[in-house]
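Please check each point against the structure as you go.

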Amino acid sequence: IADMWIHEAFTTYAESVFIECEFGYEKSQQYINGSGNNISHKKPIIGQFGVNAKGDSDMYYKGALMLNTLRNIVNNDNIWWNTLKEFAIAFRHSIIESKDVIAFFNAKTHTNLTPIFNQYLKHTNLPEIELRKHNNRIQARWIVNVPHFEMPIEYEVNGKIYRQNIDSKWQKLQVNHEVFDEIKLNRTKF
């Protein structure tokens with residue numbers, strides 16, 4: 001029951017997939033990002049094991065947002081949809097745990113997603129990006145609870161899109177400090 005998020009997050013994520021199929025990607029992103037208003041951030045998604053304790057109700061919406069974030073990290077819909085399909089086939093009629101999900105997604109995407117899963121599942125706060133001007137440069141970092149957390153951000157400056165991996169240490173962005181006020185991030189919390 002502590003890993004009930006597996007069932008609930010994927011089911012809730014499927015709602016946005018349905019909306020994408022029916023109404024397009026933009027509408028699905030509005031829908032899933034709007035569901036963030038339903039997250040309480042009071043307890044971790046994963047409950048305590050061995051004491052019949054389920055995780056927090058954030059397992060639905062925060063779990064679905066985590067899956068949507070993973071899709072953006074993968075940044076390749078062919079790989080993403082194939083991974084989801086293979087996941088459903090590989091584990092149908094099975095009882096699995098978080099470690100099984102994480103190992104599967106790491107293997108299929110050839111990416112270490114473990115710190116991202118751990119941040120979303122074991123901590124209450126969402127990853128938050130922080131920007132600053134430092135030594136005539138723009139720097140960014142993730143504010144997170146887990147070590148080795150790294151996730152790409154996309155930002156737009158004067159109509160040009162940049163994608164860059166950021167971790168929890170300050171890193172220089174690809175643009176200079178003069179465009180600090182021009183940087184557009186879709187969200188600061190993921």
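1. In helix α1, the buried residues are Trp5, Ile6, Glu8, Ala9, Phe10, Thr12, Tyr13, Ser16, Ile19 and Glu20, where buried means under 20% relative accessible area, exposed means over 50% and partly exposed lies in between, with a 1.4 Å probe and protein chains only. Helices (H or I, at least four residues) and strands (E, at least two) are DSSP runs, numbered from the N terminus. The partners of the buried α1 residues are α2 (25-34), α3, α4, α5 and α6, with contact taken as heavy atoms within 4.5 Å.

2. Before going further, note that this is a predicted model, in which local features need pLDDT of at least 70 and side-chain atom pairs count only at pLDDT 80 or more, whereas totals for chains, interfaces and linings use all residues. Residues are numbered from 1 along each chain as its sequence is written, and side-chain values use heavy atoms, with hydrogens and water left out.

3. After α1 comes Gly24, with a positive phi near 105°.

4. Helix α5 can be read in the same terms, since it has twelve residues and reaches 16 Å from its first C-alpha to its last, close to the 16 Å expected at 1.5 Å a residue. Its buried residues are Ser98, Val101, Ile102, Phe104, Phe105, Asn106 and Thr109, and they pack against α1 (5-23), α3 (58-74), α4 (77-91) and α6. An α-helix has 3.6 residues a turn, so residues three or four places apart point the same way.

5. The pairing of α5 (residues 98-109) with α6 (residues 114-122) has an angle of about 145°, with the axes 10 Å apart; axes here are lines fitted to C-alpha atoms, for helices over the stretch in contact, and angles run from 0 to 180 degrees between N-to-C directions. On the α5 side the contact involves Ser98, Val101, Ile102, Phe105 and Asn106, which meet Thr114, Phe117, Asn118 and Leu121 of α6. These contact residues divide into five nonpolar, four polar and no charged, where Ala, Val, Leu, Ile, Met, Phe, Trp, Tyr, Cys and Pro count as nonpolar, Asp, Glu, Lys and Arg as charged, and the others, Gly among them, as polar.

6. Which residues touch the most other members of the largest nonpolar core? Of its 48 residues, they are Trp5, Phe10, Val101, Phe105, Phe117, Leu173 and Val175, a nonpolar core being a set of buried Ala, Val, Leu, Ile, Met, Phe, Trp, Tyr and Cys residues joined through side-chain atoms within 4.5 Å. The largest share of this core, eight residues, is contributed by α3. For Val175, the contacts beyond its neighbours within four places in sequence are Arg137, Ile138, Tyr155, Val157, Tyr162 and Ile183.

7. Asn75, in the loop between α3 and α4, has a positive phi of about 60° and is partly exposed, with a relative accessible area of 49%. His110, in the loop between α5 and α6, has a positive phi near 55° and is exposed, with a relative accessible area of 73%.

8. Tyr61 lies in helix α3 and is partly exposed at a relative accessible area of 29%. Not counting residues up to four places away in sequence, Tyr61 touches Thr12, Ser35, Asn38 and Ile39, while the C-alpha atoms of Tyr61 and Asn33, 28 residues apart in sequence, are 9.3 Å apart in space.

9. Two further loop residues can be located in the model. Asn125 belongs to the loop between α6 and β1 (128-134), is partly exposed with a relative accessible area of 28%, and, leaving aside its neighbours within four places in sequence, is in contact with His41, Lys62, Gln119, Ile143 and Asn145. Asn52, in the loop between α2 and α3, counts as exposed at 67% relative accessibility, and its C-alpha is separated by 6.4 Å from that of Ile1, 51 residues apart along the chain.

Definitions and conventions. Expected span 1.5 Å × (residues − 1).
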